[in-house]
Every structure is written in structure tokens, then in C-alpha cells.
Amino acid sequence: MQVIRAVGREAAAKKYDLLSAMMAHGLAGDKHRQRLVLRLMALITTRYNWQRDELTIGQREIARLWCVDERTVKREMAKLRALGWIEVKQHGARGRVSVLGLNLERILLDTKQEWPNIGPDFVERVGGKPSEPTSNVVPLHRPEPMPAQGLWAEARARLATEDPALFDAWFAGLIEAERNEICLTLFAPSRFHANYVQTHLVERLRIAVQRCDGRINKVQIIGP
């Protein structure tokens, strides 16, 4: 899968591809998902800076755009953050509005199941080659998949479905080391493996785990 970078000569087409994927995903969901996706698309088309990956707009302005109250805005934006579709790049301070960004890779992953509804040409065009940072770096020793139970087993299943190659290379060898109310600690087979996952892939892990248990908001990787 290619991460959409809406810059260059094909920028316009890439933007439409992302919005098309979101549209198909929303239409395939229930009324709540449809409304959430539509609201995000409204923010993207009216206020998102594609080149800088910045969405800067206050809750009052969002409420006016969505025709809702600010409590609804807080609730819906929290859902989008939990999905991993939007991220806080800079927290607002002294009355300033927070700067948000889009996790385009996460959006594409979550909408991938609905791509065939658009057409095989779309699947071929957007599917492309993997864009993960595994293209140039591979584990020193590929670990055998480790058995898991409970939360980590459920999260592993999600990760394996999203990207089997990435799962085999980096997630299959992780085992649960410790868990408390808000944090899941995973043990990697080597220090290099732990450092790489913590640096490049921990957000992917966090989102998968949080979708299985919303109380978990942190994942950390340790090694021998």
C-alpha cells in the first residue's frame, strides 16, 4: 500500500483517492460511522493544509461547520483521535488553537476493505507497494510467531490482518511482558528489534491495542 502524499503533479488525483476511500468506507458503515466520516471529510475539504499536513480550526468553528454544539465536537474529535485518523501535532496554549494532522496511512488501512467497492482500478492504483519502513531494514533474525492470549492475542490478529508481511517481520515475535490499566508492555527478542519497533511502529501497535481495549493508551517495547 502506498501512503498518499498530496504533493507534486498528481496531488489533486491523490487527494481524490483519499476522499474516495473515506467515502466508500463511510457508505459501507452504519449511520454513526457515515456521519463521523462525513464530518472529517468536511474538515479536510475546507480547512486542511495538504502540503503542511496541518488542520488548524477551533471547536467553535467546527461546531458551526457541522451544525452541532461544541460538546458534540469534543466527542466526535475524540473518536477520530481514538481511531488514529487525526493526531495532535501541537497542543494549543494561551488561547491558541491546537494544530492537528491526518494519519493518512491509518486512514488507508482502515478503508482498505471497501476499496473494491470503488473498482479494481482504484485497488491497483492505491494498493501499490508496501510503504512501511521495512523496505530497507529487516530484523537480524526473524522470530517464530509466539503464542498469545487475551488482549495481545486480539491485537495481534488485527495487526496480522492489516499487513501480514509487516506482522511477520516485526510483530509476530513480540510477547506480552506486563500490563496495567493504561499501558501494555511487550518484550522483543533483541534490543535492536525493541528499539526499531518502539521508534517506527509503536503507534501502529498502540492503535491496534486501544481498539481492543480503550483503556490502554500506551504501548512500550522492551528487549533483553
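## Close-up views of a predicted model

**View 1. Glu76 and its contacts.** Neighbours within four places in sequence aside, Glu76 is in contact with Leu36, Arg39 and Trp66. Contact means heavy atoms within 4.5 Å. Glu76 lies in helix H4, residues 70-83. Helices (H or I, at least four residues) and strands (E, at least two) are DSSP runs, numbered from the N terminus. Is Glu76 buried or exposed? Glu76 counts as buried, because its relative accessibility is 4%. Buried means under 20% relative accessible area, exposed over 50%, and partly exposed in between, with a 1.4 Å probe and protein chains only.

This is a predicted model: local features need pLDDT of at least 70, side-chain atom pairs count only at pLDDT 80 or more, and totals for chains, interfaces and linings use all residues. Residues are numbered from 1 along each chain as its sequence is written, and side-chain values use heavy atoms, with hydrogens and water left out.

**View 2. The whole protein.** The protein has ten helices and seven strands. Of its 224 residues, 43% count as buried. Take the contacts between residues at least 6 apart in sequence: 62% of them join residues at least 24 apart.

**View 3. The sheet of four strands.** Four strands form an open sheet, in the order E1-E2-E4-E3. The pairing is antiparallel. Two strands pair if DSSP finds at least two bridges between them. Strand E1 (48-49) and strand E3 (86-90) stand at the edges. Each has a single partner strand, so one side of each is left without a neighbour in the sheet. Two bridges join E1 to strand E2, residues 54-56. Look for Asn49: it stands opposite Glu54 in E2.

**View 4. The sheet of three strands.** Here the order is E5-E6-E7, in an open sheet with mixed pairing. Which strands stand at the edges? They are E5 (175-179) and E7 (218-222). Each has a single partner strand, so one side of each lacks a neighbour in the sheet. Neighbouring strands of this sheet are turned by 30° against each other on average, direction ignored. E5 and strand E6 (residues 183-187) run antiparallel, joined by four bridges. Glu178 stands opposite Thr185 in E6.

**View 5. Helix H10 and its partners.** H10 lies across E6 and E7, running at about 150° to E7. Axes are lines fitted to C-alpha atoms, for helices over the stretch in contact, and angles run from 0 to 180 degrees between N-to-C directions. The axes of helix H9 (residues 164-171) and helix H10 (residues 191-212) come within 11 Å and cross at roughly 140°. From H9, the contact is made by Leu166, Ala169, Trp170 and Phe171. H10 brings several residues, including Phe192, Tyr196 and Leu205. By class, this contact has nine nonpolar, one polar and one charged residues. Ala, Val, Leu, Ile, Met, Phe, Trp, Tyr, Cys and Pro count as nonpolar, Asp, Glu, Lys and Arg as charged, and the others, Gly among them, as polar.

**View 6. The second largest pocket.** About 330 Å³ of space lies in this pocket. A pocket is an open set of points on a 1 Å grid over the protein atoms alone, where a 1.4 Å probe fits, with protein on both sides within 12 Å along at least five of seven lines; lining residues have an atom within 4 Å of a point. Grid points are joined across faces, edges and corners, and the volume is the space filled by probe spheres set on the points. Of the 14 lining residues, the closest to the centre are Leu109, Asp110, Gln113, Thr161 and Glu162. H5 gives the most to the lining, with four residues. By class, the lining has two nonpolar, four polar and eight charged residues.
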